[in-house]
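Dear colleague,

Here is the structure I promised to hand over, with the notes I made while going through it. Please look at it first and then read on.

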Amino acid sequence: MKILVPIKRVIDYNIKVRVKKDNSDVDLSNTKMGVNPFDEIAIEEAIRLKEAGIATEVIAISCGTSESTDVLRTALALGADRAILVELEHNPEPLAVAKLISAVCAKEQVKLIICGKQAIDDDCNQTGQMTAALLDWSQATFASEIKIEGDSAFVVREIDGGLETLKVALPAVVTTDLRLNEPRYATLPNIMKAKRKPIDVITASDLGVDVSPRVSLLKVMEPPTRTAGEMVANVDVLLEKLKTEAKVI
C-alpha cells in the first residue's frame with residue numbers, strides 16, 4: 001500500500017509574522033521557513049505504518065514554488081521514500097492543491113492519503129476534505145489514532161463529547177490532529193542522504209490541472225494592540241468599572 005503525504009512550506013511556528021508596509025501580504029524576506037507542524041505529524045504516522053509493515057512506500061508531495069524542495073528534503077530525511085514537487089509560480093489555494101493531489105494519486109495508485117488537518121499560515125482546513133470529495137474516497141478528519149486492518153482504517157477522533165471511532169473503507173483521506181503522535185527528529189546522516197536524493201519535479205500542466213486563483217487577497221492587517229489590564233481593589237470597584245467604563249452590565 002502506497003501512502004501519499006502532502007506537505008506545505010510555511011513560516012516557522014516560532015517566528016513572529018510581519019506584515020508588509022503596504023499591507024499587501026505577509027513579509028517573507030529573511031524569514032525562517034519549515035514544514036507545517038500538522039504535516040510533520042502526517043509524515044511521522046505514514047513512516048510508522050511503513051515500519052509496521054502496513055505500507056510499502058511513503059511518498060511526500062508539495063505544491064508550490066521551487067523553494068518547497070527544502071521541506072521535501074526534510075520529509076526524505078525523516079524517512080519518506082520519494083518526493084514529488086508540483087512546481088508552480090505561486091502558492092496555490094486549497095482547491096488547486098486538492099486537484100493536484102488527486103491527479104498525482106491517479107498516477108501513483110495511492111491507497112491512503114495522510115495530511116495535516118490545516119496549515120498554520122492560512123488555517124483553511126480544506127485541502128483534505130476537498131481531496132476526498134474530488135476522489136470520491138472515504139475521509140476521517142482530526143485523527144488522534146489510526147489503525148489499518150485489511151481494507152479498512154479505524155480512526156479515533158476527538159469531539160466535544162469525548163472520543164469518536166470511525167471505520168472507513170480504503171482508499172481514504174485522513175487528516176491529522178496534534179495528539180496523533182510526536183514527530184521524530186531527522187538524524188544528521190539521513191539529512192546528508194536526503195540532500196543527494198532526487199526529487200521528481202512536475203508542473204500543473206503536466207497533470208492537466210487548472211490552478212488559476214479563485215480568491216483575491218485584498219489586504220493583510222496586524223491584529224489591534226491590546227490595552228494593558230488593570231488591577232482593582234475589590235469586587236465592588238470591578239462592578240463599578242464594568243458598569244461605567246466597559247458598559248457591559
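Val235, Leu239, Val248 and Ile249 together make a nonpolar surface patch of about 380 Å². A patch here gathers residues with over 30% relative accessible area and no salt bridge, like charges being joined within 9 Å and nonpolar side chains (Val, Leu, Ile, Met, Phe, Trp, Tyr) within 5 Å; areas come from the Shrake-Rupley method with a 1.4 Å probe, and for residues only the protein chains shown count as cover. Val235 belongs to helix H7, residues 235-246, where helices (H or I, at least four residues) and strands (E, at least two) are DSSP runs numbered from the N terminus. With a relative accessible area of 54%, Val235 is exposed, a term that means over 50%, while buried means under 20% and partly exposed lies in between (1.4 Å probe, protein chains only).

Before going further, please note that this is a predicted model, in which local features need pLDDT of at least 70 and side-chain atom pairs count only at pLDDT 80 or more, whereas totals for chains, interfaces and linings use all residues. Residues are numbered from 1 along each chain as its sequence is written, and side-chain values use heavy atoms, with hydrogens and water left out.

As for the whole, the protein has seven helices and 13 strands, and of its 249 residues 41% are buried. Helix H3 (residues 94-108) is mostly covered, with eleven of its 15 residues buried, among them Pro94, Leu100, Ile101 and Glu108. After H3 comes Gln109, whose phi is positive, near 55 degrees.

Finally, the count of salt bridges comes to 23, each being a side-chain nitrogen of Lys or Arg within 4 Å of a carboxyl oxygen of Asp or Glu. Arg48 pairs with Glu44, their closest N and O atoms being 2.7 Å apart, and because these residues are four apart in helix H1 (residues 37-51), about one helical turn separates them. Arg48 is partly exposed at 35% relative accessibility, whereas Glu44 is buried at 5%. Glu230 and Lys241 also meet in a salt bridge (3.3 Å, N to O); since Glu230 lies in the loop between H6 and H7 and Lys241 in helix H7, the pair ties together parts that are eleven residues apart in sequence.

With best wishes
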